[in-house]
Each structure stands twice: as C-alpha cells, then as structure tokens.
Amino acid sequence: MGILWTIIIGFIAGVVAKFIMPGSNEPSGFILTTILGIVGAFVASYLGQALGWYAPGEGAGLIGAIVGAIIVLFVWGLIAGRRRV
C-alpha cells in the first residue's frame, strides 16, 4: 500500500509543483508533469528515509512530495535548458 500511496501523493504533488514553478523549460504535458511528480515523491521518500525523517517503508507526505517534485522540475529545467541552446 505504501508504493500506491506514494504514487497518488506524487500525482497531486506534480500538479501542485507545476502551478508553483511554471516555466518555458518545464514539461508541458499533463502526463509528463504527473510522472515527474511521482518521481519527486519517491525522491522525497528516499531522502527523508536517508536523513531519518521517515521510518523505513514510510513515504513522504504531501509537502515533502511537493518539495521533491519542485526539485525534480528544477533539475529538468536545467537539463532541458542546456539541450535547447
């Protein structure tokens, strides 16, 4: 159930992160934004467990997933910006 919950939270976090951090280099498709949000939720869960904020097997909450999604969107913007130049 933990992975399913992380995917659902990541979906919501991806949409919220897109509203918080819009930009021309960011993914414009709904599906890609959602996937990056899910990846951000997994990143937040992994980093939170590594830092001791979450117990093993516990996923990130909504705020942590949004922060993870913003980090992933930022990295995506850096990579996409280099390819367009």
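Phe 30 lies in helix H2, where helices are DSSP runs of H or I with at least four residues, numbered from the N terminus. The model is predicted, so local features need pLDDT of at least 70 and side-chain atom pairs count only at pLDDT 80 or more, while totals for chains, interfaces and linings use all residues. Residues are numbered from 1 along each chain as its sequence is written, and side-chain values use heavy atoms, leaving out hydrogens and water.

Is Phe 30 buried or exposed? Its relative accessibility is 53%, and Phe 30 therefore counts as exposed (over 50% relative accessible area; buried is under 20%, partly exposed in between, with a 1.4 Å probe and protein chains only).

Helix H1 covers residues 2–20. Its 19 residues should span 27 Å at 1.5 Å a residue, and the end C-alpha atoms, 26 Å apart, agree with this; the expected span is 1.5 Å times one less than the number of residues. Buried in H1 are Thr 6, Ile 9, Gly 10, Ala 13, Gly 14 and Ala 17. They cover an arc of only 155° around the axis, which puts them on the same side of H1; the arc is taken from the directions from the helix axis to the C-beta atoms.

The largest nonpolar core has eleven residues, among them Ile 9, Ala 13 and Ala 17. Such a core joins buried Ala, Val, Leu, Ile, Met, Phe, Trp, Tyr and Cys residues through side-chain atoms within 4.5 Å. H1, H2 (30–51) and H3 (62–84) each give two or more residues to this core, and the largest share, five residues, comes from H3.
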